[in-house]
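This report walks through selected local features of one protein model. Look at the sequence and the structure first.

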Amino acid sequence: MSDTHRTFPPSEEFAAQANATAALYDEAAEKGPEFWAEQSRALLDWDTEFTETLDWSNPPFAKWFQDGTLNAAYNAVDRHVEAGHGDRVALHFEGEPGDRAEYTYADLQAAVCRAANTFEHLGVQKGDRVAVYLPMIPEAVVTMLACARIGAIHSVVFGGFSAEALRSRIDDGRAKLVVTADGSYRRGQPTTLKPAVDRALGDGESSVEHVLVVRRNGEDVDWTNGRDLWWHETVGQASSQHEPVPHGAEDPLFILYTSGTTGKPKGILHTTGGYLTQAAFTHRNVFDLKPETDVYWCTADVGWVTGHTYIVYGPLLNGATQVIYEGTPDSPHRGRFWEIVDRYGVSILYTSPTAIRTMMKWGEEIPNGYDLGSLRLLGTVGEAINPEAWTWYHRVIGHGRCPIVDTWWQTETGAIMISPLPGVTEAKPGSAQRPLPGISAGVVDEMGGELDADQQGLLVLTKPWPSMLRTIWGDDQRFVDTYWSRFDGGVYFAGDGAKRDADGDIWVLGRVDDVMNVSGHRLSTPEIESALVSHPAVAEAAVVGAADETTGQAVFAFVILSDAAAEEGRDAEELSQEIRAHVGEEISPIAKPKKVLIVPELPKTRSGKIMRRLLKDVAEERPVGDVSTLADQTVMEQITRSLQR
């Protein structure tokens, strides 16, 4: 049996010390919402105890712990200092150029208090929105916590977004303050951020009153007197004493924008008590965190929800020591991730399948050059991980001994919903497995009927959960229409396809848009992509369905060759046919791509997401659409040229 079809039970040693036990599932099923009430009381400090756990009287508008009050920043920072852990390292910061900084919990408390005092001095009050446009530096974490401390609502915009995207988010949220930096570093080169803010605010018609600028790389920036302020001259000089104020459990904590299939981005609104509860619970149990001994590293950016829940809130609520890194996996060299794991003794690593597949392509001799013996648990996030990448991650990075948690969740869910529980679950490469304790998920047909094993359907959440989005900012109707209108009875449609296997484990099959209908057969793009990368010559693959007169849709595959295959210099047409045949053998002749196109690179956003709509344009011989969100905007030209050749 190949490793991709094996299951991986937890070791007796790991299971014996694991935070989670199998009993959690039964306990959650028996207690219903009160399970979450118990978790909340155990994991958070409440200023005013809540008396009502869940109000679901007006679905889909949920209220969790609504009469309770608490402060997110106090829970993430102050209480650890008060408990005598002020000298524990909260953040190990590693800059791309190699500069480093260390923040203990006491240091972080002082920094958050200074920022909170500064924001209040600039007129920011409870309920005001603060746009955050920063690289992965400690000031990003400090800014978010300072907002939470005073009850302002942070709206983080990924630093790779354009001035236009930033402006649309500032306008939609009516932000009062923007926190940014002069720039950052990317692949050895200084970059700028402040000029994008200047362009976004250029017409002078914005709601923004002040722009607070962190000096990161010393790039020259334009300055608007009266509006622009240096962080070091304001926050750096402010008092390090600030009294946290309790906020209602249902008071807004943050807005985070996610792209819609049509129309303007959606401002996903998360509130305080329920979100913090599920962030703390999932971080503690899914990652088996031991705050006294673990060093945790989530490689995401705070511009995405993963950075919110599993860098800023979850780990700090649990008193973790963590690494944050400014740069990319290949700068200044391809061993950068493993160098960081080695340097800080990282024991828990949470990264993306895209990063793993990229490092597979580079070869295992690179990670083999570093001491990865500190690792004890690995995680993946962002998309379903194909079994080949899972087994490589397990074997090469985890040396066959680290459990892997393949986590499914969304910006909208706020926290992990489906995942193995380390120490409990017998892991299956490629499967997200079971809904976590307290979560109810199903796989249904178009009419909402539960499907039998191995039937592909739609992934739904059938009961409210604490960290669920409360609405789309300023647009309750769009919230209802987007997520709750497909099925009756307060059922959330996640937009993803899925199937359950004979054991009841869930396999996420990608966005429903990514499910192709070829001659009446439903084919999932992740399944075909997984078959493609199991061919020894293929390092990475993306699949799209293109219109076809005969079959309705036809499968088009775009593949990047492994370094070894590229060096062999085989005939491209011959290799393409071989790869097509391989897919037919792995899945079914129905799934064989109509064409396999060998390309030098795939179109990806700065966060590593493959922009399949652009590949669909190529497959359907249309002019290529908007490439402004790509990390490398020349990629589509390269693909087009390679096809012409």
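Ser 347 touches Asp 294, Val 295, Ser 374, Leu 375, Arg 376 and Leu 377, leaving aside residues up to four places away in sequence. Contact here means heavy atoms within 4.5 Å. The model is predicted: local features need pLDDT of at least 70, side-chain atom pairs count only at pLDDT 80 or more, and totals for chains, interfaces and linings use all residues. Residues are numbered from 1 along each chain as its sequence is written, and side-chain values use heavy atoms, with hydrogens and water left out.

**Two buried loop residues**

Ser 347 sits in the loop between α12 (336-344) and β18 (348-351). Helices (H or I, at least four residues) and strands (E, at least two) are DSSP runs, numbered from the N terminus. Ser 347 counts as buried because its relative accessible area is 5%. The classes are buried under 20% relative accessible area, exposed over 50%, and partly exposed in between (1.4 Å probe, protein chains only). The side chain of Ser 347 makes a polar contact with the side chain of Asp 294, at 2.7 Å. A polar contact is a pair of N or O atoms within 3.5 Å; within protein, one must be able to donate a hydrogen and the other to accept it, and residues adjacent in sequence count only if both atoms are side-chain atoms.

Thr 53 lies in the loop between α3 (33-43) and β1 (54-58). Thr 53 is buried because its relative accessibility is 7%. Its side chain makes a polar contact with the side chain of Glu 34, at 2.6 Å. Glu 34 is also among the residues that Thr 53 touches; the others are Pro 33, Ala 37, Lys 63, Trp 64 and Phe 65, not counting residues up to four places away in sequence.

**Salt bridges**

The structure holds 41 salt bridges. A salt bridge is a side-chain nitrogen of Lys or Arg within 4 Å of a carboxyl oxygen of Asp or Glu. Three of them are tabulated.

| Lys 31 | Glu 38 | 2.9 Å |

Arg 187 and Asp 330 link distant parts of the chain, 143 residues apart. Arg 187 is in the loop between β9 (183-186) and β10 (189-192), and Asp 330 is in the loop between β17 (321-325) and α12. Arg 187 counts as partly exposed because its relative accessibility is 44%. Asp 330 is partly exposed too, at 26%. Elsewhere, salt bridges that share partners join Glu 94, Arg 100, Arg 336, Glu 339 and Arg 343 into one network.

What is the burial state of the other two pairs? Arg 149 and Asp 78 are both buried. Glu 38 is partly exposed at 35% relative accessibility, and Lys 31 is partly exposed at 33%.

**Helix α7**

In helix α7 (residues 163-173), the buried residues include Ala 163, Ala 165, Leu 166, Arg 167, Arg 169, Ile 170 and Gly 173. Their cover includes β6 (129-133), β8 (177-181), α8 (194-200) and β14 (252-258). After α7 comes Arg 174, with a positive phi near 55 degrees.

**Cavity and pocket**

How many cavities of 30 Å³ or more does the structure hold? There is one. The largest cavity has a volume of about 40 Å³. On a 1 Å grid over the protein atoms alone, a cavity is a set of points where a 1.4 Å probe fits but cannot get out, and a pocket is an open set with protein on both sides within 12 Å along at least five of seven lines; lining residues have an atom within 4 Å of a point. Grid points are joined across faces, edges and corners, and a volume is the space filled by probe spheres set on the points.

The largest cavity is lined by Val 156, Val 157, Phe 158, Phe 161, Arg 169, Leu 256, Tyr 257, Gly 303 and Trp 304. By class, this lining has seven nonpolar residues, one polar and one charged.

The second largest pocket has a volume of about 410 Å³. It has 23 lining residues, and the closest to its centre are Pro 10, Ser 11, Arg 401, Cys 402 and Pro 403. α1 (12-17) gives the largest share of the lining, three residues.

Note on methods. Nonpolar A, V, L, I, M, F, W, Y, C, P; charged D, E, K, R; others polar.
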